[in-house]
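Please look over the sequence and the structure shown here. The paragraphs after it go through selected places one at a time.

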Amino acid sequence: MPNSRRQFLGAGLSAAVAGSAISCGASNGASPWRFFTAEEGRTVDAICDRIIPADRDPGAKEARAVNYIDLQLTRPFKRYRKAYREGIAAVDAASRKKFGGRFVELPAGQQTEVLADIEKSSAAFFELILAHTRQGFYGDPRHGGNRNRVSWKMLGVPFPPIRGLERYDQPKVG
Amino acid sequence: MALKHVNALIVGAGAGGGVVAKELATAGLSVVLLERGNWYSAADCRKDDLRNQRTTVLGNAFGPDEDRNPRVLVDDRGEGIVWPSESGYSNNAACVGGGTFSYGAQAWRYMEKDFRMRSTYGAVAGSTLEDWPIGYSDLEPYYEKAERELGVSGDVSNNIFQARRNQGLPMPPLSPNKEYQILLPAAKRLGWHPFDLPMLRNSVPYNGRAACMRCRWCVGFACEVNARTGTHNTVIPAALATGNCEVRTGCMTREILLDDHGQASGAAYFDPHDRLQRQTADLVIVCCGAVESARLLLNTRHRLFPNGLGNRYDWVGRNLHAHTYPAAAGLFDYDTYDDIGPGASIAICDFNHGNPGLAGGGMLANEFIRLPYQFMNQVPPWVPRWGQAHKDFVRTAYKRTVTIMGPVQEMPMFDARVQVDPKVKDYWGIPVARLSGKKNPHTLEIARFTAGKAEAWLQEAGAVRTWQRIPGPSLSGGQHQAGTCRMGNDPKTSVVDQDCRLHDVDNVYVIDASVHVTNGGFNPVLTIFANAYRASHRLLEAWKGSKVRS
Ligand SMILES: Cc1cc2nc3c(=O)[nH]c(=O)nc-3n(C[C@H](O)[C@H](O)[C@H](O)COP(=O)(O)OP(=O)(O)OC[C@H]3O[C@@H](n4cnc5c(N)ncnc54)[C@H](O)[C@@H]3O)c2cc1C
Ligand code: SF4
């Protein structure tokens with residue numbers, strides 16, 4: 001489990017809430033997302049797509065892992081807001097430097113190369129988005145990812161998760 | 001308005017506290033049971049794979065509250081604040097039932113040697129390894145009482161290594177799942193002694209509760225049909241039924257109150273509306289789990305106990321340990337997954353003791369069913385962590401992977417400890433637990449050994465590839481946390497006596513995993529239950545109507 005939101009004591013306890021002071025991209029009205037700006041959302045979507053690509057089965061993009069991450073950044077992941085804002089910027093900076101364009105403009109092969117660099121240079125952010133993409137793909141649809149239970153269908157996991165009973169929260173489409 | 005005085009105030013409604021509440025209330029004592037968490041019911045069973053008591057990426061389902069309960073962790077990276085859903089926090093649970101509300105319910109008796117580790121193996125470098133002041137035979141009748149009164153299923157008759165028992169388990173095992181059928185003949189071919197896991201889980205209707213319906217997601221979740229047994233659906237309702245016990249939930253205890261002579265007079269706690277309350281009592285029984293019990297004692301300061309209650313010789317909070325969990329996984333060329341929960345079903349005790357050059361060992365069993373997201377941890381080291389190759393592996397291997405793991409008995413460390421932090425406070429302004437220390441290197445040696453045995457078992461069973469997972473050296477705590485208020489005869493090297501009473505004060509007891517001197521090569525809860533029955537019995541023998549005999 002990533003531990004990157006751990007606050008070191010030198011920084012003071014007030015750091016505990018610092019993350020939630022980062023403003024939401026959605027507040028400027030132009031973004032379809034709750035936290036991400038429209039551009040950030042596209043970048044995260046593209047990163048998710050590289051982490052779990054589509055093949056004969058849908059990947060993290062089709063599962064809407066980006067929606068999961070964006071939604072959780074308004075909830076338990078509030079503390080990761082700063083890491084995302086900076087991490088996404090670092091991905092675009094690395095793309096420009098290496099291939100002269102923003103991450104979303106690069107072909108898949110070049111995106112993979114950039115991410116492999118980021119895995120080393122921005123390790124903390126990479127671990128975060130790797131874990132969150134997996135959660136948004138393999139986790140319960142009720143949290144905004146795994147749309148239409150695509151990963152569970154891929155793995156052949158029966159639904160609902162418990163035999164004989166169907167009164168659990170069904171995923172809200174979103 | 002002053003709260004009505006009671007005989008016994010029990011802090012913490014988990015494994016230990018639940019049993020004590022029932023025993024004392026049944027004997028006619030008036031009891032108040034304080035619990036900081038909520039009382040959940042089967043209807044709170046959301047089967048949420050990202051938010052439960054085992055996978056906590058979106059939080060703990062059964063406490064403690066994420067934003068109100070920080071701790072401080074000191075490790076190689078420095079000292080920092082950790083929150084309940086993070087791995088270094090060492091969480092168990094905070095609710096009526098404590099860990100037993102959502103646990104895996106493996107129900108193990110320790111072996112005779114587990115109570116005599118120091119006599120059996122001698123000193124281990126760097127460790128405070130010691131014998132318990134009591135032996136297996138002192139606990140045997142109470143193990144039996146726990147198995148019958150709470151209800152344990154399984155069939156341990158093939159476990160030739162187990163200590164003498166007077167009776168078998170009261171319920172038959174669940175019918176075998178596919179992993180069991182694969183692993184049973186392999187273990188036998190290796191000359192080992194496999195048997196059906198003992199579990200606090202009804203295989204047939206028992207004590208008015210239903211049988212297990214074998215669902216996929218069990219450990220970490222609430223049990224929808226109350227087939228899994230915790231203190232919340234057994235002893236705590238029984239305590240309430242006596243009319244002598246009141247449970248107060250949402251009550252965070254701050255400190256034990258002491259009179260001028262240093263005797264306990266009750267406890268101060270914050271009620272659900274954050275009002276500070278004082279509950280007076282003849283006896284205070286601390287059952288908060290290993291980390292929080294130590295914290296409560298250390299936060300109790302008095303002229304006579306300037307370093308915390310029970311802490312005259314600096315042993316409170318020391319020896320925090322749990323279990324090191326090595327694992328091996330095996331990939332098969334056919335589906336091993338049959339969707340029949342809870343999954344864990346077969347075990348061996350061939351490597352708990354008698355391993356050449358090693359001070360102990362641990363039980364091995366197949367793992368509970370892995371949720372798809374949990375499976376991410378099982379992907380072998382040679383598979384790339386992302387991209388097409390990772391997805392390919394997960395798709396092929398999810399239903400073809402069997403994992404065997406087991407709790408290795410740890411060598412306790414004096415410097416693996418709980419303190420109270422001088423600066424950081426929780427939501428209520430109470431100084432938080434500060435955790436520091438490491439595992440003993442020998443514990444990791446034992447872990448490598450048992451992981452090798454787990455891997456050999458999978459190979460014999462026909463796995464086409466196998467791999468191991470060995471934990472690192474960082475502090476052990478979490479669900480199996482124990483050891484912080486060691487039981488012993490010498491007040492200079494222990495915190496409570498054989499009866500679980502503080503050496504320092506006559507009318508304060510600690511009855512939970514904190515008192516474990518060592519923690520066996522097994523999941524600890526049945527021993528916590530048995531010891532709680534035993535300590536309650538001892539307390540009642542000493543009870544004199546308004547006080548306990550000194
Ligand atoms: C997911 C999971 C799986 C597990 N699987 C197994 C298994 O298969 N077998 C096994 O043997 N064990 C298992 N365990 C571990 C087992 O649950 C614990 O060993 C056991 O519950 C510990 O008992 P305890 O009495 O020491 O503390 P707990 O059960 O933790 O009870 C302590 C209680 O005290 C309360 N408390 C703490 N501080 C305060 C305070 N200041 N004021 C008021 N209340 C307070 C807490 O909220 C808690 O409810 C598992 C645990 C979990 C979470
Ligand atoms: S597997 Fe059995 S014990 Fe576990 S939650 Fe389901 S019904 Fe309850």
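Is B:Thr242 buried, partly exposed or exposed? With a relative accessibility of 30%, B:Thr242 counts as partly exposed, where buried means under 20% relative accessible area, exposed over 50%, and partly exposed in between (1.4 Å probe, protein chains only). The model is predicted, and local features need pLDDT of at least 70, side-chain atom pairs count only at pLDDT 80 or more, while totals for chains, interfaces and linings use all residues. Residues are numbered from 1 along each chain as its sequence is written, chains are lettered from A and ligands numbered from 1 in the order in which they are written, and side-chain values use heavy atoms, with hydrogens and water left out.

B:Thr242 sits in the loop between H5 and strand S7 (245-248) of chain B; helices (H or I, at least four residues) and strands (E, at least two) are DSSP runs, numbered from the N terminus. Not counting residues up to four places away in sequence, B:Thr242 touches B:Ala25 and B:Thr26, contact meaning heavy atoms within 4.5 Å. The side chain of B:Thr242 also reaches the backbone nitrogen of B:Asn244 at 3.0 Å. Between the C-alpha atoms of B:Thr242 and B:Phe393 there are 56 Å, with 151 residues separating the two along the chain.

Another loop of chain B, between strand S9 (264-270) and strand S10 (276-286), holds B:His273. B:His273 is exposed, at 58% relative accessible area.

Now to the interior. A nonpolar core is a set of buried Ala, Val, Leu, Ile, Met, Phe, Trp, Tyr and Cys residues joined through side-chain atoms within 4.5 Å. The largest such core has 110 residues, of which B:Ile256, B:Ile285 and B:Phe529 touch the most other members. Helix H9 (residues 525-542) of chain B gives this core its largest share, 10 residues. Apart from this core lies another, of 60 residues, including A:Ile88 and B:Trp386.

Next comes the contact of the two chains, which takes 49 residues from chain B and 54 residues from chain A. Across the interface the rule finds seven salt bridges, a salt bridge being a side-chain nitrogen of Lys or Arg within 4 Å of a carboxyl oxygen of Asp or Glu. In one of the salt bridges, B:Arg395 meets A:Asp57 at 2.7 Å, N to O. On the side of chain B that touches chain A, strand S3 (71-75), strand S4 (78-82) and helix H7 (388-397) are the elements that give two or more residues. The largest share, six residues, comes from H7(B).

B:Arg385 and A:Glu119 also form a salt bridge, at 3.1 Å, N to O. B:Arg385 lies in the loop between strand S14 (364-366) and H7 of chain B and A:Glu119 in helix H5 of chain A, so this pair joins two chains. B:Arg385 is partly exposed, with a relative accessible area of 33%, and A:Glu119 is partly exposed too, at 23%.

Within chain B, the side chains of B:Glu292 and B:Arg295 meet in a salt bridge of 2.8 Å, N to O. Both residues lie in helix H6 (residues 290-298) of chain B, three residues apart, about one turn of the helix. An α-helix has 3.6 residues a turn, so residues three or four places apart point the same way. B:Glu292 is buried, with a relative accessible area of 9%, and B:Arg295 counts as buried at 5%.

Conventions:
Polar contact = N/O pair within 3.5 Å; in protein donor to acceptor, adjacent residues only side chain to side chain.
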